[in-house]
Amino acid sequence: MRAERFTGRVAVVTGGASPIGFGIAARLADEGATLVLGDVDTDRLRTAAVELASDRQGRIRTVSGDLSERADAERLIATAAETAGRLDILVNCAGGGVILPTPEHTEDTVRATIDRNLWTTLHCTLAVLPIMSGAGYGRIVNIGAESVRNGLYRHAVYNAAKGGVHAFATGLAREYAERGITVNTVAPAWISTPEADARIVAAPEAERRDMAEFFAQIRSTIPMGRPGTVAEVAAAVAFVAAEEASYVTGQTISVNGGSSML
Ligand SMILES: NC(=O)c1ccc[n+]([C@@H]2O[C@H](COP(=O)([O-])OP(=O)(O)OC[C@H]3O[C@@H](n4cnc5c(N)ncnc54)[C@H](O)[C@@H]3O)[C@@H](O)[C@H]2O)c1
């Protein structure tokens, strides 16, 4: 039986329709949090909320929208604060890579990568700061990426976006250090999700061979020799999102199987 570290707390999880976002939401809800999930994928968001709500009466709400747009991000944060009456935790999990060798990127794929990962984080964070400042309490947790540190194959453009997410957290942590608000980044390495596995199985033969080679490269960067799990990421997020992590700010917590060791 887990301690209920989040009873009475309200958390927004962006990217709530994604496997990792869903896992984080479930972990926070299991420990008592009221949740507001945001995502651009309305159908998957609804499915996630139904699944989460089945035994957590009235504690899951959703707001769909493109969080790289300021108005949509502000609507998510305002809805959460108004309907739940407070907002204690923001997990910036919306993102996802367009993972390609750099010369294969176009201006559109670069912009999409930065929109999904960096602008969603910037807009949601800027919208939540006045609320957390007013309350004198807040936990902001960004989902970054280990590839920023280990320079993973095909990840340069993704790293440009996630690197901005990591850097934003450090600067903000300093600015808000005396206001009861902590800002940290949880940086997963390769996380196995059923959705990603299914995409590989469904891919054409040549693509599957390419992916197999790519994943072998990734595996070679991880001393534990295996992908991480969503639950392992969610556990790290729950730690920095909790009140007891009050002296941890500006940190990047790697969930990486030893892929980098600093
Ligand atoms: N899976 C991994 O190995 C891994 C590793 C490191 C970091 N991450 C990060 O973890 C997070 C979750 O990834 P995942 O693998 O579970 O699935 P994913 O990459 O599909 O998740 C991204 C989610 O963000 C949402 N999203 C994207 N752009 C958005 C926008 N503009 N507005 C609102 N929502 C938007 C998507 O709809 C999706 O639900 C992402 O930030 C991803 O970059 C994943």
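Predicted model: local features only at pLDDT ≥ 70, side-chain atom pairs only at ≥ 80, totals over all residues.
1. The ligand's surroundings. The shell around the ligand is made of 27 residues, and the closest of them are Asp39, Asp66, Cys93, Tyr158 and Ile191. Sorted by class, this shell holds 13 nonpolar residues, nine polar residues and five charged residues.

2. An N or O atom in the side chain of aspartate 39 lies 2.6 Å from an oxygen atom of the ligand, while for cysteine 93 a backbone N or O atom is 2.8 Å from a ligand oxygen. At serine 18, a polar backbone atom is 3.4 Å from an oxygen atom of the ligand. On its own the ligand has 800 Å² of accessible area, and the protein covers 84% of that area.

3. Elements that build the shell. Two or more residues of the shell come from each of α1 (19-30), α4 (107-135) and α6 (156-175), and the largest share, three residues, is given by α4.

4. The two domains. The domain assignment divides the protein chain into domain 1, which has two segments (10-191 + 230-253), and domain 2 (193-227); the C-alpha centres of these two domains are 25 Å apart.

5. The interface between the domains. In domain 1, 12 residues are in contact with 12 residues of domain 2. About 1,200 Å² of area is buried between the two domains, with carbon and sulfur atoms giving 68% of it. Of the area that domain 1 buries against domain 2, Tyr153, Arg154 and Trp190 supply 56%, which is more than any other three residues give.

Technical notes: Residues numbered from 1 in each chain as written. Heavy atoms only, no water. Near = heavy atom within 4 Å. Polar contact = N/O pair within 3.5 Å; in protein donor to acceptor, adjacent residues only side chain to side chain. Areas by Shrake-Rupley, 256 points an atom, 1.4 Å probe, with all protein chains shown as cover. Helix = DSSP H or I, 4+ residues; strand = E, 2+ residues; numbered from the N terminus. Nonpolar A, V, L, I, M, F, W, Y, C, P; charged D, E, K, R; others polar. Domains from an automatic or database assignment. Contact = heavy atoms within 4.5 Å. Buried area = accessible area lost by both parts, 1.4 Å probe.
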